[in-house]
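Trainee: I would like to go through this model and ask what lies behind each label.
Mentor: Go ahead.

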Amino acid sequence: MKRPPPCCLITGATGGLGRAVVEAFHSAGFHTIVTSRDQAALEHLAERLGGRVTPIAADLREPADVRRLAAGLDRLDVVVAGAGRTVRDSFGSGDEPLEDWRDAVLVNIFGTAAIARVTLPLVAAARGTMVLVGSVTGRAVVPGDLYSVTKHGVSALAEALRLEAEAAGVQVCVVQPGLIDTPMVSLGRKTRSMMTPEAVAAEILRLATGDHPFQVSEIVLRPLPARQNPR
Ligand SMILES: NC(=O)c1ccc[n+]([C@@H]2O[C@H](COP(=O)([O-])OP(=O)(O)OC[C@H]3O[C@@H](n4cnc5c(N)ncnc54)[C@H](OP(=O)(O)O)[C@@H]3O)[C@@H](O)[C@H]2O)c1
């Protein structure tokens, strides 16, 4: 009997990095379950890839949405938890609404934790891999930057999850990229030394599908200096 394709769940699938991750896993033969809040964009992505893509919209700030998403899953080899958002202002500057700060904490930390929790039984059954997308800003404290604080949370979350899930044969890795050329990066912060989403996605695919004789629990990806960047 023909084996079904491996299956992965990708959150933040309509974002700059997420789309590239979906395309990489799809090209590698995976059935991809894609999620974000934007049902129309998810359906458009599924249509463009033409098969082996299941769109399920969910707002990861909402427990009910996370439960509904989980209810639609029956098998998972890989989870890539990439949904995230930034904040604009620091403690001492700007007038960004507190609601935006709450959303960043909810999406980046609660949403990532909730996805890990509801998918762990399926990933454990497959002895599969969970990749949490953190950031280099989660490695050192950045003055005034709440986004960096949330990404410290993602790093800690990945380690807490890894320590609990390793006995079940689940690989857990936090990927900590530097600047990637996506809509998340404001025009003013764009430089020539950014990574392409495709290059970062290829690394995530390699991590999740490689036959590693060890646990890869953390990967830091930094752009090449501008003069070495091929673009
Ligand atoms: N770009 C960079 O330089 C960079 C560097 C390091 C790490 N990262 C991390 O990489 C990941 C992807 O970033 P990106 O640059 O691709 O950002 P992006 O283009 O802004 O994409 C963010 C994704 O998260 C989804 N999302 C946001 N709020 C959500 C919510 N409440 N519920 C469900 N999904 C939600 C968005 O979809 P909807 O808005 O349609 O829901 C979108 O698909 C993030 O975790 C980010 O922190 C990015």
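Trainee: What makes strand β5 and strand β6 a pair, and in which sense do they pair?
Mentor: The model is predicted, and in it β5 (residues 129–133) and β6 (residues 171–177) share five bridges. Pairing requires at least two bridges, so β5 and β6 qualify. The sense is parallel. Thr 129 is placed opposite Gln 171 in β6.

Trainee: Where do β5 and β6 sit in the sheet order?
Mentor: The order is β3-β2-β1-β4-β5-β6-β7, an open sheet of seven strands with parallel pairing. From one strand to the next the twist averages 15 degrees.

Trainee: Why are β3 and β7 called edge strands?
Mentor: Each of them, β3 (53–55) and β7 (218–221), pairs on one side only.

Trainee: How many bridges join β1 and β2?
Mentor: Five, in the parallel sense. The cut-off is at least two bridges, so β1 and β2 count as paired. Across that pair, Thr 11 faces Thr 35 in β2.

Trainee: What makes β1 a covered strand?
Mentor: β1 (residues 7–11) has five of its five residues buried. On one side these are Cys 7, Leu 9 and Thr 11, and on the other Cys 8 and Ile 10. Both faces of β1 are therefore covered, where buried requires 20 or more other C-beta atoms within 10 Å.

Trainee: Which helix lies across β2 and β3?
Mentor: Helix α2 (residues 39–49) lies across β2 (31–35) and β3, and runs at about 170 degrees to β3.

Trainee: Is Leu 161 buried or exposed, and how do you know that?
Mentor: Leu 161 has 20 C-beta neighbours inside 10 Å. The limit for buried is 20 or more, so Leu 161 counts as buried. Leu 161 belongs to helix α5 (residues 146–165).

Trainee: Which residues does Leu 161 touch, leaving out those up to four places away in sequence?
Mentor: Ala 116, Met 130 and Val 172. As for Leu 132, its C-alpha atom is 10 Å from that of Leu 161, and 29 residues separate the two along the chain.

Trainee: Is Lys 151 buried or exposed, and why?
Mentor: Lys 151 has 26 C-beta neighbours inside 10 Å, and with a limit of 20 or more it is therefore buried. Lys 151 is also placed in helix α5. Apart from neighbours within four places in sequence, Lys 151 contacts Asn 108, Gly 134, Ser 135, Thr 137 and Gly 138. The C-alpha atoms of Lys 151 and Ser 135 are 6.0 Å apart, with the two residues 16 places apart along the chain.

Trainee: What is the phi of Arg 52, and where is Arg 52 found?
Mentor: Its phi is positive, about 60 degrees, although Arg 52 is not a glycine. Most residues other than glycine have a negative phi. Arg 52 is in the loop between α2 and β3.

Trainee: Is Arg 127 buried or exposed, and how do you know that?
Mentor: Arg 127 has 11 other C-beta atoms within 10 Å, and the exposed class takes 12 or fewer, so Arg 127 is exposed. Arg 127 lies in the loop between α4 and β5. Its phi is positive at about 50 degrees, and Arg 127 is not a glycine.

Trainee: How do α3 and α4 cross, and which residues meet there?
Mentor: The axes of α3 (residues 63–71) and α4 come within 10 Å and cross at roughly 30 degrees. The crossing is right-handed. Pro 63, Val 66, Arg 67 and Ala 70 in α3 meet Ala 114, Ile 115, Val 118 and Thr 119 in α4. By class, the residues of this contact are six nonpolar, one polar and one charged.

Trainee: How many residues surround the ligand, and which are the closest?
Mentor: There are 28, and the closest are Gly 15, Ser 36, Arg 37, Gly 84 and Thr 182. The shell has 12 nonpolar, 11 polar and five charged residues.

Trainee: Which helix supplies the largest share of that shell?
Mentor: α1 does, with three residues. Both α1 (16–27) and α4 (98–125) supply at least two residues each.

Terms used
Residues are numbered from 1 along each chain as its sequence is written. This is a predicted model: local features need pLDDT of at least 70, side-chain atom pairs count only at pLDDT 80 or more; totals for chains, interfaces and linings use all residues. A residue is near a molecule or strand if its C-beta atom, placed from the backbone, lies within 6 Å of it. Helices (H or I, at least four residues) and strands (E, at least two) are DSSP runs, numbered from the N terminus. Ala, Val, Leu, Ile, Met, Phe, Trp, Tyr, Cys and Pro count as nonpolar, Asp, Glu, Lys and Arg as charged, and the others, Gly among them, as polar. Axes are lines fitted to C-alpha atoms, for helices over the stretch in contact, and angles run from 0 to 180 degrees between N-to-C directions. A crossing is left-handed if the near helix is turned anticlockwise from the far one by less than a right angle, and right-handed if clockwise. Two residues are in contact if their C-beta atoms, placed from the backbone, lie within 7 Å.
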